Amino acid sequence: MTKHPGLGGRVSWSTVAEQLLYELGDPRDYITPDVIADFSTVQLRDLGGDRVRVAGVAGRPRTDKLKVSIAYHDGYKATGSLTYAWPDAVDKARRADEILRGRLAHLGLEFDEIRTEFVGAGACHGPLAGAPPEDLPEVTLRVGVRSPDRHAVGRFSREIAPLILAGPPTVTGFAGGRPRVQEVVAYWPALIDREVVEARVNVETIEL
């Protein structure tokens, strides 16, 4: 493996090994349309000068199936956010979330999922982050909903905006306006018999 001279990047033992392991799953059972590769047998040798020798990869015959990636409509979603400033930024954001959820319940709206994140106060690490500091300067409340009912999602987008004036004080971050209702395009991986797929390659030559 190598690259054209004068271009950016680097081809080395470490970069090639990283790409081989990227989203690999079981290295002994890597299924491709043409072969099942056993990457546990691969041998890498750094030759220097952006050149790496890859050898020794074993494999087994291909499967009788091909993977099909199918996209389908799976309801609607919307996400809105508000930023609360010190003092008591986290408490304000939590109270705003309670008010919003209570309002949605009072309206009788049903959702497949309501997800709340307090960005800046453990959104990434959850309980592992521990309690947020009391003097946290700001925290962003981010709420997302998902439902097969477009009306319910649209009503959510209209209910979060009033929190600016009818919710906890020192709020900002709503300059983007009302959250937009978006269609959820879901992904479904499936298998299909190889015999029903006809492979065809067209090669066109064009003179410039």
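User: How many bridges join strand E2 to E5?

Analyst: This is a predicted model, in which local features need pLDDT of at least 70, side-chain atom pairs count only at pLDDT 80 or more, and totals for chains, interfaces and linings use all residues. Residues are numbered from 1 along each chain as its sequence is written, and side-chain values use heavy atoms, with hydrogens and water left out. Strands (E, at least two residues) and helices (H or I, at least four) are DSSP runs numbered from the N terminus, and two strands pair if DSSP finds at least two bridges between them. Strand E2 covers residues 36-38 and runs antiparallel to E5, and the number of bridges joining them is three.

User: Which strands are the edge strands of the open sheet?

Analyst: The open sheet has three strands in the order E1-E2-E5, with antiparallel pairing. An edge strand here pairs on one side only. The edge strands are E1 (30-31) and E5 (58-60).

User: Are the rings of Tyr 30 and Phe 39 stacked or edge-to-face?

Analyst: Rings of Phe, Tyr and Trp (its six-membered ring) pair if their centres lie within 6.5 Å; planes under 30 degrees apart count as stacked, over 60 as edge-to-face and the rest as tilted. One aromatic pair is counted by this rule. The centres of Tyr 30 and Phe 39 are 5.3 Å apart and the planes are at 20 degrees, so the pair is stacked.

User: Is Ser 157 buried or exposed?

Analyst: Ser 157 lies in helix H3 (residues 150-159). Buried means under 20% relative accessible area, exposed over 50%, and partly exposed in between (1.4 Å probe, protein chains only). The relative accessibility of Ser 157 is 4%, so Ser 157 counts as buried.

User: Which residues does Ser 157 contact, leaving aside its neighbours within four places in sequence?

Analyst: Contact means heavy atoms within 4.5 Å. With those neighbours left aside, the residues in contact with Ser 157 are Arg 178 and Pro 179.
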